[in-house]
Amino acid sequence: MRRTLGTLVLVLLLTASGCGDDTGEGGDAPGGVPGAPASTAIEEVAVLTGTSAGGHVTTEPTLLPDEPAVRAYADQFRNDRLQGEIVRAARRTDVPEGRRLAAAVVAIGCEVPTRVTGTATGDQLTVRAVLPSPTKQCFAPITSVALVLVPA
């Protein structure tokens with residue numbers, strides 16, 4: 001039983017860590033195809049949360065090129081506090097040249113992501129939440145929205 005439990009814990013740890021570098025920096029494209037365009041890491045700006053805010057989890061972030069786009073994105077949520085946090089965080093974010101601001105609902109549930117990772121390969125953007133091990137039960141789901149910087 002201990003051996004089985006130990007093996008299970010090791011497998012879970014390796015799965016959670018991604019078994020390697022999840023920054024997406026350098027090297028070949030996913031799959032290690034020589035000559036394929038290298039992927040670029042997506043940079044986490046903030047993970048904002050709201051209780052019973054709604055939304056749908058996605059791995060494809062929505063680009064937020066200006067304030068009207070930010071407000072339209074924030075308006076989809078039923079939680080006024082989360083809407084305001086998204087708008088304020090977007091205003092505070094200094095978007096460097098060569099980058100764009102984007103957002104995605106990365107989790108809905110009892111656990112809030114510890115961080116967000118993602119890559120941009122060509123025109124394809126992906127983002128995912130790194131969630132802690134489930135430790136709590138909740139009466140209302142928590143919507144976690146990640147603001148990220150992606151390559152322009």
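Trainee: What should I know about the model before we start?

Mentor: It is a predicted model, in which local features need pLDDT of at least 70 and side-chain atom pairs count only at pLDDT 80 or more, while totals for chains, interfaces and linings use all residues. Residues are numbered from 1 along each chain as its sequence is written, and side-chain values use heavy atoms, with hydrogens and water left out.

Trainee: How many disulfides does the structure hold?

Mentor: The structure holds 1 disulfide, a term for a pair of cysteine sulfur atoms within 2.5 Å. C110 is joined to C138, with an S to S distance of 2.0 Å.

Trainee: Where do C110 and C138 lie in the chain?

Mentor: C110 is in the loop between β4 (99–109) and β5 (115–121), and C138 is in the loop between β6 (124–130) and β7 (142–151). The two are 28 residues apart, and the pair links distant parts of the chain. As for the labels, helices (H or I, at least four residues) and strands (E, at least two) are DSSP runs, numbered from the N terminus.

Trainee: Is the link of C110 and C138 left-handed or right-handed?

Mentor: The link is left-handed, with -80 degrees about the S-S bond.

Trainee: And how accessible is C110?

Mentor: C110 is partly exposed, with a relative accessible area of 21%, and C138 is also partly exposed, at 31%. Here buried means under 20% relative accessible area, exposed means over 50%, and partly exposed is in between (1.4 Å probe, protein chains only).

Trainee: Changing topic, which residues form an aromatic pair?

Mentor: A search of the whole structure finds 1 aromatic pair. Y73 and F77 form this pair, which is edge-to-face, with 5.7 Å centre to centre and 70 degrees between the planes. By definition, rings of Phe, Tyr and Trp (its six-membered ring) pair if their centres lie within 6.5 Å; planes under 30 degrees apart count as stacked, over 60 as edge-to-face and the rest as tilted.

Trainee: Is F77 buried or exposed?

Mentor: F77 is buried, with a relative accessible area of 2%.

Trainee: Where is F77 found, then?

Mentor: F77 is found in the loop between α2 (67–74) and α3 (80–92). Leaving aside neighbours within four places in sequence, F77 is in contact (heavy atoms within 4.5 Å) with A53, G54, G55, L82, Q83, I86, V105, T143 and V145. The C-alpha atoms of F77 and G54 are separated by 5.7 Å, although these residues are 23 residues apart along the chain.

Trainee: What about T93: which residues does T93 touch?

Mentor: Not counting residues up to four places away in sequence, T93 touches V45, L101 and L149. T93 lies in the loop between α3 and β4 and is buried, with a relative accessible area of 16%.

Trainee: Now the charged residues. How many salt bridges are there?

Mentor: The count comes to 4 salt bridges. A salt bridge is a side-chain nitrogen of Lys or Arg within 4 Å of a carboxyl oxygen of Asp or Glu. Side chains of opposite charge can pair when their charged atoms come close.

Trainee: What does R99 form a salt bridge with?

Mentor: R99 forms a salt bridge with E43, and the closest N and O atoms are 3.7 Å apart. This pair links distant parts of the chain, as R99 is in strand β4 and E43 is in strand β2 (residues 43–51), 56 residues apart. R99 counts as buried at 19% relative accessibility, whereas E43 is partly exposed at 39%.

Trainee: And which helices hold E67 and R91?

Mentor: The side chains of E67 and R91 meet in a salt bridge at 2.7 Å, N to O. E67 lies in helix α2 and R91 in helix α3, so the pair ties together parts that are 24 residues apart in sequence. E67, R71 and R91 are linked in a network of salt bridges.

Trainee: How far apart are R81 and E85 in helix α3?

Mentor: R81 and E85 are 4 residues apart in helix α3, about one turn of the helix. Their side chains meet in a salt bridge at 2.2 Å, N to O.

Trainee: Lastly, what is the order of the open sheet?

Mentor: The open sheet of 3 strands has the order β1-β5-β6, with antiparallel pairing. Its edge strands are β1 (40–41) and β6, each pairing on one side only. Two strands pair if DSSP finds at least two bridges between them, and 2 bridges join β1 to β5. The bridge partner of A41 in β5 is T119.
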